[in-house]
Amino acid sequence: PMNPLTPERALARLQDLCARSEQCTSEAMEKLRRWGIAGHKAETIVQHLVDTRFIDDSRYARAFVSDKYRYARWGRIKIIQALRLKRIDRDLIDEALAEEIDDETYIANLCALLRAKCRTIGMAETEPDHIARQKLIRFAAGRGYEPSLIMELVRDPDYWMDSDGTD
């Protein structure tokens, strides 16, 4: 079994980790807890990391939104839920969404996901039937897109089915 880290060693490890990838306050607290440091000592370490800009929950939220939106093609709902689980303040989440997501690309992402899903459910170049439509709706909802946007697009397959992604 590993010996618990000293607070000084834990701080150095977290500084190294933060220099390599964005971390948020709650992730740092959780790592410290797992390393055997809790309470006032953990709070002091995290506060030092915030004061020295190793940790910035606003910067973390922007990076998280950008990554999940651009690469994983998550919708706003799934991004918000994930950031809430990391205890990011709702105002910071809203700011990050507003800065990082543009509606045109957001809709294009959903259209591309719907086209790809059509291929996997064996629905090519035809109007989606009731069952296919339900599968598309469940799929898009699982990716965190808003029900109203999903319904609007699924009701109008001409908008997204034949598209080459330049819409």
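Where is the place of Tyr-145? I looked it up in this predicted model and found Tyr-145 in the loop between H8 and H9.

**Tyr-145**

I checked the accessibility next. Tyr-145 has 1% relative accessibility, so I list the residue as buried. I then collected its contacts, leaving aside neighbours within four places in sequence. Tyr-145 is in contact with Arg-73, Trp-74, Gly-75, Ile-77, Tyr-106, Asn-109, Leu-110, Leu-113, Ala-140 and Ile-150. The side chain of Tyr-145 reaches the backbone oxygen of Arg-73 at 3.1 Å. I also took one C-alpha distance: Tyr-145 and Asp-156 are 11 residues apart along the chain and separated by 16 Å.

**Glu-146**

Glu-146 is also placed in the loop between helix H8 (130-142) and helix H9 (147-155). Is Glu-146 buried or exposed? Its relative accessibility is 19%, and the cut-off for buried is under 20%, so Glu-146 counts as buried. Not counting residues up to four places away in sequence, I found that Glu-146 touches Arg-76, Ile-77 and Tyr-106. With Arg-76 there is a polar contact between the two side chains, at 3.4 Å.

I returned to Arg-73, which supplies the backbone oxygen reached by the side chain of Tyr-145. Arg-73 is in the loop between H4 and H5. Its relative accessible area is 30%, so I noted Arg-73 as partly exposed. The phi of Arg-73 is near 55°, a positive value in a residue other than glycine. I noted this since most residues other than glycine have a negative phi. Arg-53 is another such entry, with phi near 65°. Arg-53 lies in the loop between H3 and H4, and at 52% relative accessibility this residue counts as exposed.

**Aromatic rings**

How many aromatic pairs does a search of the whole structure find? I got four. For Phe-64 and Trp-74 the ring centres are 6.2 Å apart and the planes are at 70°, so I recorded the pair as edge-to-face. Phe-64 lies in helix H4 (residues 57-70) and Trp-74 in the loop between H4 and helix H5 (76-85), so this pair ties together parts that are 10 residues apart in sequence. Phe-64 has 11% relative accessibility and counts as buried. Trp-74 counts as buried at 16%. I noted that Tyr-60, Phe-64 and Trp-74 form one aromatic cluster.

**Helix H1**

Last, I looked at H1, residues 7-20. The helix has 14 residues and reaches 20 Å from its first C-alpha to its last, close to the 20 Å expected at 1.5 Å a residue. Which residues of H1 are buried? I found Ala-10, Leu-14, Leu-17 and Cys-18. They cover an arc of only 95° around the axis, so they lie on the same side of H1. Glu-8, Ala-19 and Arg-20 are exposed on the other side of H1. I then asked what covers the buried residues of H1. The cover includes helix H2 (25-34) and helix H3 (39-51). One more ring entry concerns Arg-13, whose charged end sits over the ring of Trp-35, 4.3 Å from its centre.

Technical notes:
Residues numbered from 1 in each chain as written. Predicted model: local features only at pLDDT ≥ 70, side-chain atom pairs only at ≥ 80, totals over all residues. Heavy atoms only, no water. Helix = DSSP H or I, 4+ residues; strand = E, 2+ residues; numbered from the N terminus. Expected span 1.5 Å × (residues − 1). Buried < 20%, exposed > 50% of the residue type's maximum accessible area, 1.4 Å probe, protein only. Arc of directions from axis to C-beta. Contact = heavy atoms within 4.5 Å. Polar contact = N/O pair within 3.5 Å; in protein donor to acceptor, adjacent residues only side chain to side chain. Phe/Tyr/Trp six-rings, centres within 6.5 Å; stacked < 30°, edge-to-face > 60°. Lys NZ or Arg CZ within 6 Å of the ring centre and 35° of its normal.
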